[in-house]
Amino acid sequence: MTPFIRLHPNDDVLIARTQLVSGSLVDGIPIKGLIPAGHKIAAHAIAPGAPVRRYNQVIGFASKPIGAGEHIHSHNLDIGPDKGDFARDYAFGADLKPEPARREATFMGFKRADGRVATRNYIGILSSVNCSATAARAIADHFSRQNHPAALADFPNVDGVVALTHGTGCGMDSDGLGLQILQRTLTGYATHANFAAVLVVGLGCESNQINAWLANGSLREGDTLRTFSIQDTGGTAKTVAKGIALIKDMLPQANAVRREPCSAAHITIGLQCGGSDGYSGISANPALGAAVDLLVAHGGSAILSETPEIYGAEHLLTRRAVNRAVGEKLIERIKWWEHYTQINDGEMNNNPSPGNKAGGLTTILEKSLGAVAKGGTSNLQAVYEYAEKVTTHGFVYMDTPGYDPVSATGQVAGGANLICFTTGRGSAYGCAPSPSLKFSTNSALWRRQEEDIDLNCGEIIDGSSTIAEMGLRIFELVLATASGAKSKSELHGYGQNEFVPWQVGAVM
């Protein structure tokens, strides 16, 4: 096995498989200096200002002369004086391909009376505002299998009672975008298939009035959706007692379900990457993309997101758009982000993070080109705004921030009943009510943090597996997890703290 990876014949860089020391030869080129694993090696001399390619795509421009065999990183590579604003050929629909032949696979899911299909069976407690978060958590704590195992002893088919609270809901424009996003997110969770029933607890005087939210979300109270507020109930202790009583009333019906065979077409995956490194776009991300293509062929759906982390690679997605309107909607969201970051005194290249850079990623262009690989090669069917209900089958896009908990929260609100999360630096993310699977991009991370990682895609870098083989393993793991197998994050109890709706606009 070579000590380097060449991704494309036209690339200006090679990728180090292991740490390389000065004087060692790579593809006949003597290494100059120390080059960490996962980082880039200059395949030839590069003049200042010249574009530098990886994946046969521009990842930045040389900020100074670069000699063959030198380490290419932030000291000699940036996104140029125009901050990455160079011409991209959107070529709407140019890479469309015939729809794949329909394949059939099943998993053991929960069928709801209205036709929705779930991968988990929780009861959820949502807070309308931060002020009711403590009471909501106290209600859920009463049903904790760890602290009060007797509370759910008679309800084995209920995965748990979880409180999903947040830090907003007031101090905001009652007609503004921030409240619209919050209400859309809460509506998505209140109607999520993985919740058998939902209880909503408010304070009473907040901007996010429960009655207005119900009306805006076309929701009605009933046996599986109950709401009340602390002020009307008469205080915290009374609120907690009332909430416990309401959950007890919900439990028998929630428990009256059984897993049964369901088509894989009912699986919707939210695609995430966090703590990315120089291997992400080579191993875990394209392997997840291969699994996405398999899922789409079986009638399922996958949601790619994190708009600030596809910046510079959006032209690869517009080429797969099923029509021009879909492609233009994606570009519209990119332009929104350029404006949004500008008015907040930021820029799109505030990414990558320090951890990403330590792992070998230098510019947002490079990071984005690796990130879009999670979406496979299937046609782009639709583009959604944050937390919008996803109604189109196949591969779709949702506009979200790059911050993982915020992004995944939007995807779950849109209907994702499972999350797939790649990581190169390490992650301990988990999600409720949708299980989250984590895939390492390199074997060193797997050995270091196996207790949090569900599958090691570093085998691709090691040469012991291929992208296609790993994609099939991911697809099979998705089916098993959707059928009830516990993910590592579920075993550790993650999920309740990772509910983070996107907060947009001024805090008043």
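Let's start with two helices. Helix α1, residues 133-141, packs against helix α5, residues 236-255, at an angle of about 45°, and their axes are 9 Å apart. Keep in mind that this is a predicted model. At that angle, α1 and α5 are oblique to each other, because the oblique class takes what is neither roughly parallel, under 35 degrees, nor roughly perpendicular, 65 to 115. Their crossing is right-handed.

Which residues make the contact? From α1, we have A135, A138 and I139. From α5, we have T239, V240, G243, I244 and I247. Sorted by class, the contact of α1 with α5 has 6 nonpolar residues, 2 polar and no charged ones.

Next, the sheet. This one is open, with 3 strands in the order β11-β10-β16, and the pairing is antiparallel. Which strands stand at the edges? Those are β11, 117-118, and β16, 260-263. Each has a single partner strand, so one side of each is left without a neighbour in the sheet. Now look at β10, residues 106-111. Strand β10 is joined to β16 by 4 bridges, and the two run antiparallel. To find the place on screen, go to G109: opposite stands E260 in β16.

Last, the aromatics. The structure holds 10 aromatic pairs. Take Y189 and F499. Their ring centres are 4.7 Å apart and their planes stand at 75°. The pair is edge-to-face, because planes over 60 degrees apart count that way. Where do the partners lie? Y189 is in helix α2, residues 177-190, and F499 is in the segment after α15, 488-492. So this pair ties together parts that are 310 residues apart in sequence.

Terms used. Residues are numbered from 1 along each chain as its sequence is written. This is a predicted model: local features need pLDDT of at least 70, side-chain atom pairs count only at pLDDT 80 or more; totals for chains, interfaces and linings use all residues. Side-chain values use heavy atoms; hydrogens and water are left out. Two strands pair if DSSP finds at least two bridges between them. Axes are lines fitted to C-alpha atoms, for helices over the stretch in contact, and angles run from 0 to 180 degrees between N-to-C directions. Angles under 35 degrees count as roughly parallel, over 145 as roughly antiparallel, 65 to 115 as roughly perpendicular and the rest as oblique. A crossing is left-handed if the near helix is turned anticlockwise from the far one by less than a right angle, and right-handed if clockwise. Contact means heavy atoms within 4.5 Å. Ala, Val, Leu, Ile, Met, Phe, Trp, Tyr, Cys and Pro count as nonpolar, Asp, Glu, Lys and Arg as charged, and the others, Gly among them, as polar. Rings of Phe, Tyr and Trp (its six-membered ring) pair if their centres lie within 6.5 Å; planes under 30 degrees apart count as stacked, over 60 as edge-to-face and the rest as tilted.
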